[in-house]
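Student: Hi! Could you walk me through this one?
Tutor: Happy to, here it comes.

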Amino acid sequence: MAGWYKATEIKEIPQGTMKGVEVAGAKVLLVHGPHGLRAFEDRCGHMSAPLSLGAFKSGVVKCALHSAVFDAETGAVRSQPQMRMGGVDKLPPELVEAMMKMGQIMAQIRCEVLRPYPVAEENGQVMVHI
Ligand code: FES
């Protein structure tokens with residue numbers, strides 16, 4: 001049912017950090033930036049990896065899977081996904097060829113803006129509207 005739900009306590013998410021939480025059955029990414037709290041669906045706009053496993057730094061959230069970068073204030077895509085691997089020169093040519101094909105396919109997958117949720121702080125509680 002739609003409504004405001006407690007996500008966590010504000011002390012659990014200090015400024016400069018992010019945290020994945022489950023709220024009323026929804027996976028939510030809480031980001032505490034310099035302008036306050038933001039909440040997004042905890043799902044990368046590229047291939048749905050949990051963004052809470054990525055990194056939050058300098059106002060952006062970076063996906064751990066293919067390194068897409070999202071604006072931590074708005075959820076806008078700041079940088080498209082990338083496939084970079086060290087040591088490719090040491091792999092068998094067949095594997096490198098398969099990876100190149102995967103990269104070509106992946107480049108066709110559009111990276112979407114993150115879905116935001118309304119978020120508020122109330123008496124030390126972080127509330128999210130689901
Ligand atoms: S799933 Fe996040 S960049 Fe691909």
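This is a predicted model: local features need pLDDT of at least 70, side-chain atom pairs count only at pLDDT 80 or more; totals for chains, interfaces and linings use all residues.

Student: Which residues touch the most other members of the largest nonpolar core?
Tutor: V28, L29 and L30 do, in a core of 23 residues. Such a core is a set of buried Ala, Val, Leu, Ile, Met, Phe, Trp, Tyr and Cys residues joined through C-beta atoms within 7 Å. Buried means that 20 or more other C-beta atoms lie within 10 Å of a residue's own; exposed is 12 or fewer, partly exposed is in between, and C-beta atoms are placed from the backbone.

Student: Where does the largest share of this core come from?
Tutor: From β3, with four residues. Strands here are DSSP runs of E, at least two residues, and helices are runs of H or I, at least four, numbered from the N terminus.

Student: Switching topic: what is the strand order in the open sheet of three strands?
Tutor: β1-β11-β10, with antiparallel pairing; strands pair if DSSP finds at least two bridges between them. β1 (4-9) and β10 (119-122) each have a single partner strand, so one side of each lacks a neighbour in the sheet.

Student: How many bridges join β10 to β11?
Tutor: Four, and E121 stands opposite V126 in β11.

Student: And α1, buried or in the open?
Tutor: Zero of its 14 residues are buried, so α1 lies largely in the open.

Conventions
Residues are numbered from 1 along each chain as its sequence is written.
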